[in-house]
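Colleague: I would like to learn how to read a model residue by residue. Can we go through it one feature at a time?

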Amino acid sequence: MTSPRRVTFAVGASLFAITVAAFLRPPLLPDIGRDLRLSSLGLGALGSVFALGRLTADIPAGRLSDSRPPGSMMITSAALVAVGSLALAAAPSSTVAFVAVFVLGVGSAWTLTTAQAHFASAPKERRGAATSVFAAALLTAQAIAPVVSGAIGTVFDWRVAIGTGAVICGIVIVPLTRLGSTPPPSERLQRDADQPPDGRDTRLALAFIYLLPAVQFAIGAAMIQTIVPIVADEDLALSVGIIGALLGVGGLARLVGAIGAGRIIDRLGRRAALIPGLTLQLAGVTVFAFFGNLASLWIAVALVSLGSVTVNVGTTLLADLSEGGRLGPRLGAFRFTGDAAFLVAPALAGWLLGVQGRTAAMLPLVALTGIVLVGCAIWVPETKTAG
């Protein structure tokens with residue numbers, strides 16, 4: 001049997017590489033649109049189809065990740081992203097491009113759910129650090145991917161840049177085939193099986209834990225990726241360079257927050273990271289909703305970015321509450337709510353921004369974050385083992 005350290009390194013490296021391959025698309029969108037004759041609406045629809053692919057795969061990937069070895073699951077992930085990349089790179093029409101992007105979304109969900117389940121099944125005393133490694137690999141990959149595709153697309157063209165994703169995935173598959181037999185997360189979690197009874201309080205706790213990625217993904221997709229750039233351009237007349245710097249600083253803050261949260265989760269407890277994180281996010285969306293100057297924009301982005309630890313903590317809590325099994329299906333539902341928010345929130349925010357303005361566009365995020373914060377404070381228990 002392959003050593004646990006080697007398996008974890010392989011899963012983490014594969015998560016990083018496959019995520020890079022799956023997220024090469026964004027900076028190439030203008031060239032894709034010109035080549036395939038897609039309007040701005042069509043290019044936006046590509047993102048929606050990607051999210052739809054993730055939604056389709058979240059639940060089945062969660063169920064399978066609970067019982068299948070991580071190596072074989074990651075091989076499937078790499079194969080899906082490779083196929084999607086090749087199909088998009090060779091797409092003769094927009095129809096083929098939409099199918100390809102859907103496959104990329106499925107592969108992305110398969111990758112993230114598999115890796116999330118593996119890192120969450122680490123021993124309880126270092127589970128927070130493990131889920132933070134997952135978050136750091138994911139965030140770094142998402143930050144690097146546009147740089148890689150932009151550079152390749154500048155030297156060659158968008159098709160070569162997208163095709164690079166298939167090459168990356170092909171390279172990933174080779175070491176994964178050598179992992180041999182490794183236990184799935186459900187077996188690894190048996191060692192700490194002190195799961196509480198599945199009563200009403202546990203079901204309420206799970207309901208609010210499932211909403212944690214919806215908060216983080218909705219804030220990221222609706223506020224950071226949609227409303228902030230529009231407001232910065234139209235209301236504050238900021239240049240593209242300054243907007244990019246603002247979002248880059250936010251990305252760095254998310255990475256710092258994720259790493260710091262791991263230490264807090266393991267040393268002080270799950271709630272010690274969760275409640276402050278949600279509070280920072282609520283403060284950030286509230287500042288942005290009601291204050292429209294440049295200083296408040298920077299403060300809001302910094303607050304929501306530093307508080308973006310809810311997925312880390314939620315994953316850790318789910319693993320703690322699933323130590324007799326069922327982690328995979330619960331992670332599937334966990335990811336599904338996040339991807340649903342990722343699909344719906346930007347469109348809702350953009351519509352509200354157009355008809356009612358920034359404050360109205362932000363109020364659903366303020367309400368969602370506030371409700372989840374109160375619910376978690378009341379019903380989500382501290383699951384860290386004493387000592």
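Modeller: We can start with a polar contact. This is a predicted model. In it, the backbone oxygen of Asn312 lies 2.9 Å from a polar atom of the Thr316 side chain.

Colleague: Where is Thr316 placed, and is Thr316 buried or exposed?

Modeller: Thr316 belongs to helix α13, residues 310-320. With 0% relative accessibility, Thr316 counts as buried. Leaving aside residues up to four places away in sequence, Thr316 touches Arg127, Gly128, Thr131, Ile265 and Arg270.

Colleague: Which backbone oxygen does the side chain of Ser65 reach?

Modeller: The side chain of Ser65 reaches the backbone oxygen of Gly62, at 2.9 Å. Ser65 is in helix α3 and is buried, its relative accessible area being 3%.

Colleague: Which residues of α1 are buried?

Modeller: Val7, Ala10, Val11, Gly12, Ser14, Leu15, Ala17, Ile18, Thr19, Val20, Ala21 and Ala22 are buried in α1.

Colleague: How does helix α12 compare with its expected length?

Modeller: Helix α12, residues 294-306, has 13 residues and reaches 19 Å from its first C-alpha to its last, close to the expected 18 Å. At the start of α12, a side-chain oxygen of Asn293 comes to within 3.4 Å of the backbone nitrogen of Ala295.

Colleague: Why would residues a few places apart in a helix point the same way?

Modeller: An α-helix has 3.6 residues a turn, so residues three or four places apart point the same way. Now take the case here. In α12 the buried residues are Ser296, Leu297, Ala300, Val301, Val304 and Ser305. They cover an arc of only 155° around the axis, which puts them on the same side of α12.

Colleague: Which residues does Val304 touch, not counting those up to four places away in sequence?

Modeller: Val304 touches Ile219, Met223, Ile224, Leu280, Gln281, Gly284 and Val285, with residues up to four places away in sequence not counted. Val304 is buried, at a relative accessible area of 1%. Between Val304 and Leu280 there are 6.0 Å in space, C-alpha to C-alpha, and the two are 24 residues apart in sequence.

Colleague: Turning to rings, how many aromatic pairs does a search of the whole structure find?

Modeller: The search finds three aromatic pairs. To read a pair, take the distance between ring centres and the angle between planes. The rings of Phe23 and Phe50 have centres 5.5 Å apart and planes at 75°, so this pair is edge-to-face. The pair links distant parts of the chain, with Phe23 in the loop between α1 and α2 and Phe50 in helix α3, 27 residues apart. Both Phe23 and Phe50 are buried.

Modeller: Another pair is Phe208 with Trp379: the ring centres are 5.6 Å apart and the planes at 10°, so the pair is stacked. Phe208 lies in helix α9 and Trp379 in helix α15, so the pair ties together parts 171 residues apart in sequence. Phe208 counts as buried at 14% relative accessibility, whereas Trp379 counts as partly exposed at 33%.

Colleague: Which charged end sits over the ring of Phe50?

Modeller: That of Arg25, 4.8 Å from the centre of the Phe50 ring. Arg358 likewise lies over the face of Phe288, 5.9 Å from the ring centre.

Note on methods. Residues are numbered from 1 along each chain as its sequence is written. This is a predicted model: local features need pLDDT of at least 70, side-chain atom pairs count only at pLDDT 80 or more; totals for chains, interfaces and linings use all residues. Side-chain values use heavy atoms; hydrogens and water are left out. Buried means under 20% relative accessible area, exposed over 50%, partly exposed in between (1.4 Å probe, protein chains only). Helices (H or I, at least four residues) and strands (E, at least two) are DSSP runs, numbered from the N terminus. A polar contact is a pair of N or O atoms within 3.5 Å; within protein, one must be able to donate a hydrogen and the other to accept it, and residues adjacent in sequence count only if both atoms are side-chain atoms. Contact means heavy atoms within 4.5 Å. The expected span of a helix is 1.5 Å times one less than its number of residues. The arc is that of the directions from the helix axis to the C-beta atoms. Rings of Phe, Tyr and Trp (its six-membered ring) pair if their centres lie within 6.5 Å; planes under 30 degrees apart count as stacked, over 60 as edge-to-face and the rest as tilted. A charge sits over a ring if NZ of Lys or CZ of Arg is within 6 Å of the ring centre and within 35 degrees of the ring normal.
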